[in-house]
Amino acid sequence: MKTLLTVIFSLFAFTCSASGKTELMHANIDLSDNTSLKRGAEHYVTYCLGCHSAKHIRYLRIAEDFELNQDVVLKDIAPVGASIYDSMLSAMDKHDSNIWFGTVPPDLSLIARSRGSDWLYTYLKSFYRDDTKTHGTNNTLFKDVGMPNVLWKLQGQQIAHYTLEGENKVINSLSLERPGELSPSEFDVVVTDLVNFLEYVGEPAKLKRQQMGKYVLFFILIIGFIGYLLKKEYWKDIH
Ligand code: HEC
């Protein structure tokens, strides 16, 4: 039995290491932090909306959910000329993007649900310089990705360090070759805010649900307390 278990475990360990998966970093997001969500929405419009729509969300909804004035949303978040009733649509033409990137950038409304926030966080931090690629970049988490590193000015440029495993070059680590406009910790905040926003976009009702949760718990406590008092009252004469 023991040997069997050992064999199973070692097989499992082998498949894990053989798949060569990049370990995911943890995204420290907080859906109750409206300031982070607002910054995330601003970054999204500045750096992502050029290519990716998030068509399930309207600017009006953002104003309501982040408790912002509609004018503030139009001024700070929405692109110039957008109406508060517009969805977050990208102006990118599908035909052009196919020529430029060899693929169409997907709508990101549900990306946090399909990929998860840790994946998104790691992805945005895993671009590195690769001169063999058309856009000069590659990504350790998404090999041969068609997306350029749109945040490189903020982050700076990362290069990859390899070890040779037989014929194969395996990436060991990434390091910052040229610093960007932001320090690494400031850059982490930008990425965290973006992922926080994408998590919100994936399920806007989650915000409301989490707020509701507190009231529901409070309600249950009160009802429980009243029930307890009633019970005491009813049983008083019997004891
Ligand atoms: C210049 C256009 C462009 C911009 C700007 C851009 N992307 Fe992309 N993105 C792409 C393309 C093209 C792909 C598809 C890559 C592929 O399939 O090889 C992609 C893919 C992705 C994916 C992976 C989707 C999947 O298949 O799981 C994510 C996540 C993503 N982008 C997030 C972002 C975020 C967040 C921003 C803003 C910080 C951003 N992108 C800005 C072009 C862009």
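Biologist: Which residue in the turn of the β5–β6 hairpin has a positive phi?
Modeller: In this predicted model, that residue is G166, whose phi is about 65 degrees, and the hairpin that β5 and β6 form has two residues between its strands. Strands here are DSSP runs of E with at least two residues, helices are runs of H or I with at least four, and both are numbered from the N terminus.

Biologist: And how many bridges join β5 to β6?
Modeller: Ten bridges join β5, residues 156–165, to β6, residues 168–179, and the two strands run antiparallel; two strands count as paired if DSSP finds at least two bridges between them. As one example, Y162 has I171 in β6 as its bridge partner.

Biologist: Before I go on, what do the model's local features need?
Modeller: The model being predicted, local features need pLDDT of at least 70 and side-chain atom pairs count only at pLDDT 80 or more, while totals for chains, interfaces and linings use all residues. Residues are numbered from 1 along each chain as its sequence is written, and side-chain values use heavy atoms, with hydrogens and water left out.

Biologist: New topic: which residues coordinate the iron atom of the ligand?
Modeller: H52, through NE2, and M147, through SD, coordinate the iron atom at 2.0 to 2.1 Å. The two come from distant parts of the chain, 95 residues apart, with H52 in the loop between α2 (34–48) and β1 (54–58), and M147 in the loop between β4 (137–139) and α8 (152–155). Donors are N, O and S atoms within 2.8 Å of the metal (3.2 Å for Na, K and Ca), and sites may look incomplete because water is not among the atoms.

Biologist: What geometry does the site have?
Modeller: The site of the iron atom is octahedral, with angles of 87 to 179 degrees among its six donor atoms; for six donors that label requires opposite donors over 155 degrees apart and all others between 65 and 115.

Biologist: H52, then: buried or exposed?
Modeller: H52 is buried, with a relative accessible area of 11%, and M147 also counts as buried, at 19%. Buried means under 20%, exposed over 50%, and partly exposed in between, using a 1.4 Å probe and protein chains only.

Biologist: Where is N138 found?
Modeller: N138 lies in strand β4 and is buried, with a relative accessible area of 3%. Its C-alpha is 29 Å from that of I77, which is 61 residues away along the chain.

Biologist: And how far apart are A205 and D65 in space?
Modeller: Their C-alpha atoms are 9.1 Å apart, although 140 residues separate A205 from D65 in sequence. A205 is found in helix α10, residues 205–235, and counts as partly exposed at 41% relative accessibility.

How values were computed. Four donors count as tetrahedral if all angles lie between 85 and 135 degrees; four count as square planar and six as octahedral if opposite donors are over 155 degrees apart and all others between 65 and 115; anything else is irregular.
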